Amino acid sequence: MQFSKFISSESKNLSISDRIDSLKAGCLGAIASVFAFFVIALCHHFLQNHLTNVQLISNFELDIALMLLIKLAMIGFAGFLFAVTYRYIVRRDRNSHLKSGAILAFACIRSVTTIDHELTSLIQLPLISMALAIIILLVENIVWLAIIQSLIETAIQHKWITTFGYD
């Protein structure tokens, strides 16, 4: 098998400690995602019960145990992937645009897929209600990822996790 000079079959820059720190970051992201899910679900429930004129995109139907487990697995896996990716994105940079851009990119992708799934019900709403539902969904995803990001940053500051390529 031939590889170009830019693609290598071996990971020369990825040490065992980098892989372990990625696993630690991913596990922290998964755990943080599950806790953030419940916090955001409570806020979502509060908004839905107290703002009668607001139609929300319902990601938080938790009455069926199997559905809850599947959602927790998906949110945990998404948090794992975000945390690992975030660790690789930030490296040793102090670039706040890069950090916030990672959060916004992941939040937009997650929001767009949810909107795509709910499009038939959203399209029936008045334009203002539809825009508000989409904005609330985007804010929920940004908050969720910001919680993970702040925990990853805290872990990096306390040297529980190193930045990528720190060796």
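Let's start with Phe-37: at 5% relative accessibility, this residue counts as buried (buried means under 20% relative accessible area, exposed over 50%, partly exposed in between, with a 1.4 Å probe and protein chains only). Phe-38 counts as partly exposed, at 35%.

A word on the source. This is a predicted model, where local features need pLDDT of at least 70, side-chain atom pairs count only at pLDDT 80 or more, and totals for chains, interfaces and linings use all residues. Residues are numbered from 1 along each chain as its sequence is written, and side-chain values use heavy atoms, leaving out hydrogens and water.

Now, salt bridges. The count comes to 3 (a side-chain nitrogen of Lys or Arg within 4 Å of a carboxyl oxygen of Asp or Glu).

Take Arg-87 and Asp-18. Their side chains meet in a salt bridge, 3.0 Å from N to O. Arg-87 lies in helix 2 (residues 65–90) and Asp-18 in helix 1 (residues 16–50), so the pair ties together parts 69 residues apart in sequence. Helices here are DSSP runs of H or I, at least four residues, numbered from the N terminus. Arg-87 is buried, at 0%. Asp-18 is buried too, at 2%.

Next, Lys-24 and Asp-21. Their closest N and O atoms are 3.0 Å apart. These two are 3 residues apart in helix 1, so about one helical turn separates them. Lys-24 is partly exposed, at 38%, while Asp-21 is buried, at 8%.

Last, Glu-153 bridges to Lys-99, with 3.4 Å between the closest N and O atoms. Glu-153 sits in helix 4 (residues 127–157) and Lys-99 in helix 3 (residues 96–122), 54 residues apart.
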